[in-house]
Each structure stands twice: as C-alpha cells, then as structure tokens.
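Subject: The model, and what turned up in it

Hi,

Here is the structure I said I would pass on.

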Amino acid sequence: PGFFQALEVERALDAHDVYLDARTAELRFSYLEPNDVGAMLAAAVRLRGRATGMVCLERTGGPHAWSEDELAFAGGMADQVAQALTNAERKKAQAALQESEERFRHLFDSISDLIYTHDDQGLLLSVNQAVVRILGYPREELLGRPLGDFMRPEDRRVFLEEYLPTLRREGRAEGIALVLGKDGTRHYLEYRNLLVATDGVPYVS
C-alpha cells in the first residue's frame, strides 16, 4: 500500500486529515472510519536502513495539525525503538557467539590429539587439554611462553633457525619434534603446521 511505501522514504508521515491525504486515504474503509481516526502521525522504525515498523500517533474526532514538537516526539520514539531492537539483536548475536565458542572449547579440549597455536615468533597462543596433560604444565604456565622453552638446547636452535624461518618463507612446515615435559619426560610429536592470519595478525595452526 502507498501508506507503507511512503514510510520507506519519509522520516515521518504527518497526515493532518487522513481522508484528504493521498498517503492514508486508502486506509479509510478498512481502518480509519471504523476507528474514528481523523489525523495520523507515523514515524518509521528503521533497522539497517529499512523501515521495519513504526511509531504511530492518532487523533480521533476530526483533522488535527501536527506540531513540530509532536513530529520530533514521534521521530525520537521511533529512534529509541530502533536502538532497543538493535541492542536486542546484538545481545542475541553475542549470546550465540558465546555458545559457539563454548562448544568449540569443549571440542578443542576433548580431542586426544595435541592441538596448539603459536605466533610467528614461536610464542604459544593456545593449547588444548591434551597438551596440558602431556607436558604436565597448567595451561596458564604454557600460554605466552616460547615453544622452544620445552625443547633441548640443540632442538631449540633448530626451532629458531630452521623451523620458524621455513614457516615465514613457505607458510607451512612439517616434521617430528622432541619436546620435554615438566618432569623431563621426552615426547616425540609429529606436526603439520600452517601459517595463517586473522585480521592481518599471523599465527601458526
């Protein structure tokens, strides 16, 4: 209908006489006369640039000339409704993201394979529970530390001088690494690592 089309392009639809205004006249028999509406002021509620609803003020008993204050009031109320809807959508999206992250964390920690990420300098960014169990360190003692800290000196040199340069140059590296647990236990790890980036920040997965 023309009424809703007008709301798509106008900030507010101020019909002083709903029967003479072309934008509202089509509503005469279906809504206006049965409800004795003589004047209507409607302000669009916009989300992402589209009208998704409206705040509507009506005057019964005949025409009414809407004032600038009334126009501003209707527009302000529509803006508040739009902001409330935007906030509700944002909270819903945040809740869904948190739930997704929790599911991922559960999966991440339930996998028996060792999964970790580190930055392009070799500092650990994340480890799953299998890494914590094998190395014998609490997670908080692992994160932020160089992966080379858990290697023999000779292996640490290879890590710094060969492994990391290869990753930066080719974007991938694979092989077998010897890492030491907190109690000195040796663990041989087969790895196939890729250098990727999120928001321009490189890390190794």
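A quick definition to start: buried means under 20% relative accessible area, exposed means over 50%, and partly exposed is anything in between (1.4 Å probe, protein chains only). By that scale Lys182 is partly exposed, because its relative accessible area is 48%.

Before the rest, some ground rules. This is a predicted model, in which local features need pLDDT of at least 70 and side-chain atom pairs count only at pLDDT 80 or more, while totals for chains, interfaces and linings use all residues. Residues are numbered from 1 along each chain as its sequence is written, and side-chain values use heavy atoms, with hydrogens and water left out.

**Salt bridges**

Back to Lys182, which forms a salt bridge with Glu141, their closest N and O atoms being 3.9 Å apart. (A salt bridge here is a side-chain nitrogen of Lys or Arg within 4 Å of a carboxyl oxygen of Asp or Glu.) This pair links distant parts of the chain: Lys182 is in the loop between strand 6 and strand 7, Glu141 is in helix 5 (residues 139–142), and 41 residues separate them. Helices (H or I, at least four residues) and strands (E, at least two) are DSSP runs, numbered from the N terminus. Glu141 counts as partly exposed because its relative accessible area is 34%.

How many salt bridges are there in the whole structure? The search finds 16. Another of them pairs Arg50 with Glu8, with the closest N and O atoms 3.9 Å apart. That one also links distant parts of the chain, from Arg50 in strand 3 (residues 50–60) to Glu8 in helix 1, 42 residues apart. Arg50 is exposed, since its relative accessibility is 54%, whereas Glu8 is partly exposed at 32%.

Then there is Arg23, whose salt bridge with Asp21 has its closest N and O atoms 2.8 Å apart. Asp21 counts as buried because its relative accessible area is 16%. Both residues belong to a network of salt bridges that also takes in Glu10 and Asp14.

Leaving aside neighbours within four places in sequence, Gly2 is in contact (heavy atoms within 4.5 Å) with Arg23 and Glu26. Gly2 sits in helix 1 (residues 2–9) and is partly exposed, at 30% relative accessibility. Its C-alpha is 8.2 Å from that of Ala22, which is 20 residues away along the chain.

**Helix 6**

Helix 6 (residues 153–170) has 18 residues and spans 25 Å from its first C-alpha to its last, close to the expected 26 Å. The expected span is 1.5 Å times one less than the number of residues. Where does helix 6 bend? At Phe159, by about 35 degrees, the bend being the angle between axes fitted to the seven residues ending there and the seven starting there.

Phe159 is also one of the buried residues of helix 6, along with Asp155, Tyr163, Leu164 and Leu167. An α-helix has 3.6 residues a turn, so residues three or four places apart point the same way. What covers the buried residues of helix 6 includes strand 4 (116–119), strand 6 (172–180), strand 7 (186–198) and strand 8 (201–204).

**The hairpin and other positive phi values**

Strand 4 also pairs with strand 5 (residues 124–127): the two run antiparallel and are joined by 3 bridges, where pairing needs at least two bridges found by DSSP. Thr117 stands opposite Ser126 in strand 5. The two strands form a hairpin with 4 residues between them, and Gly122 in the turn has a positive phi of about 95 degrees.

Asp36 is not a glycine, yet its phi is positive, about 55 degrees. Asp36 lies in the loop between helix 2 (28–32) and strand 2 (37–47), and is partly exposed because its relative accessibility is 45%. Arg48, not a glycine either, has a positive phi of about 50 degrees. You will find Arg48 in the loop between strand 2 and strand 3, where it counts as exposed at 68% relative accessibility.

Cheers
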